[in-house]
Amino acid sequence: MAVRPLDLWNRWSIQILLLFSLSLHVLLLPLAGIRRHKASVLLRVPLWLAYHLADTIGIYAFGLLSWSDAPRDHRLMPFWAPFLLLHRGGPDSIAAYAFHDTQLWMRHLQVFIVKVLAATYVLFKHLPRGDTFLALAAFLMWAVGIGKYAERVVAIRGGNMRSIRRSLKKQPPARHHHFHHWDQGLLKNTIDEEEAHLRRAHCMFHIGKRATVDSWLEKDPEHNTFEMLKALRKEDSKGMWTFAEMQLSLLYDILYTKAAVIHTWPGYFLRITSCVVIAASFLLFHFSGKDSDKVDVGITYTLLAGAFLMEVESLLNSLGSSWAYAFLCTTRCSWLRYAVLCTGRWDRLRQIVKAIKGRVGSYGSGRRWSGKMGQYNMLHYCSRRKRAYTPLLSRVAEMLGFEEWWNRKHYSATVDISDDLKQRLFEYIHRLTETGLNSQGVIRKSWGQDALEREDKDLYERIKKDRNLGVEFQEGVIIWHIGTDILLATSSRDTGDSADLVKDIRMLSNYLMFLLVDHPKMLPGLAQNMLYRRTCENLSDRCKKHGHPTTGSIGTMLKEIFRLNDGPNVTEVDHINAIANTVYKEAPKYSHNVPRLCYANGVAKELLNREKDKGSKAVLNLVIEVWMDFLVYAANRCSRESHAKKLNSGGELTSVIWIMTDFLNQEAYARHKD
C-alpha cells in the first residue's frame, strides 16, 4: 500500500522540521563567509533562504509542539524544543544578514522573547515528570539555547552605528596600552606578511571604528595612538592596501558576525560551558529511560551530536581567531597574556585552526578584498542594446518587467585592479592627505578641482565656467566618461608606453560609470537616473550606424541570442571608438536638447587643444589624475552607512579608498601635531 504524502507529514512533521532546522544550521556554516566577497547568485540564494527560513521553521515547529497531541505520545518531543532555540542562535560567522537587520534589532528581540516563551511552555506542559535525567537534560539544553540565541540578538544590536559609537565612548583609556607593546614584539615572528597586517589592523581598529561613525581622532585620550599612526608612514603601497582591506574585514566582523560579543569574557565562558553542558545532556539522555520510539531516540542522538560538534567547532574557531589575539593583548590579566602569547601557545593554535579551515575549504573564508572593479560603458551599452540578435534572456526580462535590471547586469563586467593603478592611487592619496582635507577629514575642493588646478588654474576655471564638470557629481561622471572616450578615440594612444596608462584610464572611467548605474548610493550627491537615461537615448540615436550587422552566420546568431554577459572590454574598444568619433564629429549639430554631449565634447576639445601644446603623455597623465580625484572624492563623500552596507556583498574599491584615506589623513595629522 502506497504511503500518501499527507499521512507521512501528519505522522512525522515535527521530526522533519527538527532535522530541517538542523540542516539549515549546518548549511549556514560554509555559506556565511561568501558575503565577504562578490559571490554568485547560486550561492547567495541558498544562504538567503537558509537564514530566513530558520525563523519560519522555528515558529511553525513551536506551534506544532504546543498544540499537537504528538508530544503526549512521543515523550522525547518536548526535549527537542530547546534545540530550536540553539539552532536559531546560528553559527558565529553570521548574526545579521544585511545592514538593516542591525537597525531592526528590536524585531529580533521580540521574536527571541516569543520563542523562549514557546519553548518554556512546551517543556512545562509536555515534559514527563517521572524521568529526572531527561528533565535535567532538557533544562540544561534550554539554558544553552537561550544563551546562544540571546548572544545573536546582542550581536545584531551591537552592529548598528549607534551601538558602535556608544561603545567607543565607554571604552576605557588604557584599552590599547598593552596591545601596542605586544604587537611590536610579535610582528617580527609572524609566519606571513598578511597575518602581520591583520594584527596591526586589530591594533588600530579603534581608529577604524571612529572613522565609521565619524568620530575624529583628536578626542582619543591615548598617547600611543599617534605613535601607531606614524608607523603607517613606513608602509609601501602593497602594505597599505593590505592594511586597509584588513580594516574593512574587521568592520565586516562587528557588523555582520558575532565577533564583538564572542571575544569577551562572557562570550568565551558561554562557548566553554556550552560544550560541557551539551556533553552532560548527552550522558543524561543516554542513561534516561529508553521506552521511546527508536526513530525519536535516533533523532535525539543526532540533534545532540550535531549540537556538540558545532559548539566544539565554535570554541576552536573563537580561540584560534585573530580576535582572540586582540582580546589577549588588551586583557588586564597580565598572567594570562604572558602564559598564552609569550610562550607561543596561541600562535600554534592559530596555525592549527588556519590549517583546518584551509583543508575544509570554507567558501569566502579569506579576509582580503577580491580586488575586482565593476565596469560599465555608456557607448558600449548604447551600441549593443539595439543590435539585430537580441539575447533570449533579454526578451524574457523585458516581458517580466525586469529590463532595467537585466541591462545593468548584462552590460556590466568585472576586471582586476592592476598593481600599477594601486600604486598611482596610493601616491595620489598620500599627496592629497597633506593639504587636501579639512580638520574633519573631508575633501576641501570639488571633484576634479585639485587635479586640474595642480596642472593649470586657468584650465580649471575654463572647464568650470563651461559647466564641463557638471552641477552634480554624477552629472560630472557622465560628462567626463563620454569626454574621455572621445579623447581616447581621436587618435591611437593605446600603444607603446601609453598602453597601460590608457587601460587604467578606461578602467577608472568605466568603474565610476558602473557605480552610477548599478550602485548609485555609493556615490555622493543627487542621483541622476533621468539624466543618464536621456543621455543614453541621445547616444543611441547616434549609434545606429555602428551596431552589429543585421546578417551573419548561424554561429554568430546563436552566440548573440544565448549570450549571458556582454560587458565592456578595455582592450576591445573599436566599436566604442567609432561611436565616440561620430559623437565628436556631430558636435556642431548639437543643441540645448543634448547638453551632456555638448559638455563632453567641450571636455574633449579642451584636452585635445592641450595635447597640441603639452603632448599626448602629459594629457593622459592629467586625465588619470582627474579620474583618481573623482574616485577619491566619491569614496570620501559617500555616506559611511553606504560603505557599511556594501561590505555585505564583497565591498567596493571606494570603500578601500575611503578607509585608506582616513588612516593616512590621521597619520598626517598626528605627524604635524608633533
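Is Glu 652 buried or exposed? Glu 652 is buried, with a relative accessible area of 1%. The structure discussed here is a predicted model.

## A buried pair

Glu 652 takes part in a salt bridge with Lys 646, and the N to O distance is 3.6 Å. Lys 646 is buried as well, at a relative accessible area of 9%. The value for Lys 646 is 9% and the cut-off for buried is under 20%, so Lys 646 falls in that class.

Side chains of opposite charge can pair when their charged atoms come close. In this model, the count comes to 29 salt bridges.

## Salt bridges between helices

Glu 625 and Arg 454 form a salt bridge in which the closest N and O atoms are 3.2 Å apart. This pair links distant parts of the chain: Glu 625 belongs to helix α32 (residues 616-637) and Arg 454 to helix α24 (residues 449-455), 171 residues apart. Arg 454 is partly exposed, and its relative accessible area is 39%.

A salt bridge also joins the side chains of Glu 606 and Arg 462, at 2.9 Å from N to O. Glu 606 is in helix α31 (residues 595-614) and Arg 462 is in helix α25 (residues 457-465), so the pair ties together parts that are 144 residues apart in sequence. How do the two partners compare in accessibility? Glu 606 is buried, with a relative accessible area of 17%, while Arg 462 is partly exposed, with 35%.

## Asn 601 in helix α31

Helix α31 also contains Asn 601. Asn 601 is buried, with a relative accessible area of 5%. A polar atom of the Asn 601 side chain lies 2.8 Å from the backbone oxygen of Leu 597.

Ile 482 sits in helix α26 (residues 473-489). With a relative accessibility of 1%, Ile 482 counts as buried, because the cut-off for buried is under 20%.

Which residues does Ile 482 contact, leaving aside its neighbours within four places in sequence? The contacts are Met 378, Thr 535, Leu 539, Leu 597 and Ala 600. Leu 597 is also the residue whose backbone oxygen lies 2.8 Å from a polar side-chain atom of Asn 601. Ile 482 and Tyr 599 are 117 residues apart along the chain, and their C-alpha atoms are separated by 9.3 Å.

Key. Residues are numbered from 1 along each chain as its sequence is written. This is a predicted model: local features need pLDDT of at least 70, side-chain atom pairs count only at pLDDT 80 or more; totals for chains, interfaces and linings use all residues. Side-chain values use heavy atoms; hydrogens and water are left out. A salt bridge is a side-chain nitrogen of Lys or Arg within 4 Å of a carboxyl oxygen of Asp or Glu. Helices (H or I, at least four residues) and strands (E, at least two) are DSSP runs, numbered from the N terminus. Buried means under 20% relative accessible area, exposed over 50%, partly exposed in between (1.4 Å probe, protein chains only). A polar contact is a pair of N or O atoms within 3.5 Å; within protein, one must be able to donate a hydrogen and the other to accept it, and residues adjacent in sequence count only if both atoms are side-chain atoms. Contact means heavy atoms within 4.5 Å.
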